[in-house]
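Hi,

Here is the structure I promised to pass on.

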Amino acid sequence: MPAPTAISVSSAPAAGEAGLRDRFGRTITDARISITDRCNYRCVYCREGAEPARAGSELSWEAWRQVLGVLRRLGIRKLRFTGGEPLLRPGLEAFLATLAPLGFEDLALTTNGHLLAERAAGLRAAGLDRITVSLDSVQPEKFARITRVPGAWERVRAGIAAAVTAGLEPVKINAVLLRGFNDDEIEAFAEFARAERVAVRFIEFMPLEEGRLWTPEIVVTMSEILARLEARYRLEPLAGERSETARRFRFADGAPGEIGIIAPVSRPFCGHCSRIRLTADGKVRTCLFSLREWPLAPALEAGEDGLEALFRRAVAHKEERHHIGEPGFQRPSRTMVHIGG
Ligand code: SAM
């Protein structure tokens with residue numbers, strides 16, 4: 001794949017230009033970009049089985065550069081790259097290096113960490129600020145069963161260590177909890193946070209998987225997680241930004257590490273959602289649970305004005321909230337791996 005070329009786009013928000021604001025008064029400042037929906041793991045709670053054969057439908061790096069230039073001008077400050085597994089997309093570091101002139105305040109990446117040990121230093125040098133690594137068990141054998149990849153644990157551990165060394169901090173570890181599956185590890189994850197000096201964030205499982213595993217009962221809720229942790233540790237709440245999705249805590253005994261709990265099911269945070277999502281095949285989604293998508297392709301042909309009009313139209317239709325657990329809740333047609341987690 002050729003290295004991305006630096007094409008000319010407006011790189012700074014114009015003074016006084018209106019940003020992206022939806023009809024509920026929420027200002028959109030964050031974009032989550034899926035750069036591929038291929039993945040080298042088949043996590044049992046996410047994927048059904050083998051990777052389906054697919055035509056190369058990924059948006060080119062040049063197109064992404066153009067889209068991100070417009071988003072920056074419209075007030076997007078933070079970007080998170082995800083997938084699929086984003087480290088599978090060739091040319092990521094070269095692409096990141098072209099983003100510096102756009103002046104985003106925060107460039108982050110979510111990865112399964114499998115390829116991170118050999119990539120962390122290069123990602124940092126290319127301008128990446130922070131990294132989140134997914135890790136759903138601290139037991140090597142169980143982790144291999146979850147990911148269906150032998151030796152995954154050792155690779156991810158090495159990736160986390162390399163990220164810390166490279167200065168991609170704070171390194172956050174995301175763990176999706178499922179009842180009867182890995183909820184016996186809540187305390188072990190807390191010990192991992194303390195020992196490895198990282199932020200472990202527990203995430204409530206959402207109905208976005210390929211297999212139909214999700215039930216309200218399988219979700220391990222924030223109150224349950226907190227009760228378990230507080231039986232063993234004294235936790236002190238940490239102040240966060242209003243748009244932050246995680247409730248954060250530190251250990252009162254002064255141990256390093258941090259706990260976060262992200263509770264989209266039991267305590268939805270839609271009221272202060274500041275995010276849009278872009279899929280690897282170039283669709284804008286205004287919610288994980290959107291039933292409607294906005295294709296970038298026609299807007300890309302129309303240039304910067306076309307893209308701006310598309311983003312304004314999509315954000316004007318941003319959903320008030322997701323409806324998980326409500327009567328009539330409809331799953332989106334795409335699953336997590338094809339939206340970008
Ligand atoms: N491959 C990268 C990784 O593993 O982090 C990025 C994509 S992955 C889909 C992003 C995150 O979404 C992972 O932390 C994963 O555990 C989480 N995830 C997947 N399915 C989920 C679900 N149904 N509910 C909540 N989180 C989910």
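This is a predicted model: local features need pLDDT of at least 70, side-chain atom pairs count only at pLDDT 80 or more; totals for chains, interfaces and linings use all residues.

Residues are numbered from 1 along each chain as its sequence is written, and side-chain values use heavy atoms, with hydrogens and water left out.

**The sheet and its helices**

Start with the open sheet of 12 strands, which has mixed pairing and the order β9-β10-β11-β8-β7-β6-β5-β4-β3-β12-β13-β14. β9 (235–238) and β14 (294–295) are at the edges with a single partner strand each, so one side of each has no neighbour in the sheet. (Strands here are DSSP runs of E with at least two residues, helices are runs of H or I with at least four, and both are numbered from the N terminus; two strands pair if DSSP finds at least two bridges between them.)

Helix α1 (residues 61–73) lies across β3 (30–36), β4 (78–83) and β12 (275–278), and runs at about 175° to β3. Those angles run from 0 to 180 degrees between N-to-C directions, using axes fitted to C-alpha atoms, for helices over the stretch in contact; contact means heavy atoms within 4.5 Å.

**Salt bridges**

How many salt bridges does a search of the whole structure find? There are 28, counting a side-chain nitrogen of Lys or Arg within 4 Å of a carboxyl oxygen of Asp or Glu.

One of them joins E58 and R89 at 3.4 Å, N to O. E58 is in the loop between β3 and α1, and R89 is 31 residues away in the loop between β4 and α2 (92–97). E58 is partly exposed at 27% relative accessibility, whereas R89 is buried at 2%. (Buried is under 20% relative accessible area, exposed is over 50%, and partly exposed is in between, with a 1.4 Å probe and protein chains only.)

R228 and E187 also form a salt bridge, at 2.7 Å, N to O. This one links helix α7 (residues 222–230), where R228 sits, to E187 in helix α6, 41 residues apart. There is also a network of salt bridges linking D281, K283, R285, E293 and R334.

**The ligand**

The ligand is surrounded by 17 residues, the closest being Y45, G84, E85, S134 and M206; near means a heavy atom within 4 Å. A polar side-chain atom of E85 is 3.0 Å from a ligand nitrogen, and one of S134 is 2.5 Å from a ligand oxygen.

**N182**

Last, N182 is in the loop between β7 and α6, and is buried, with a relative accessible area of 0%. Its side chain has a polar atom 2.8 Å from the backbone oxygen of D136, and a polar atom 2.8 Å from the backbone oxygen of V176. (A polar contact is a pair of N or O atoms within 3.5 Å; within protein, one must be able to donate a hydrogen and the other to accept it, and residues adjacent in sequence count only if both atoms are side-chain atoms.)

Cheers
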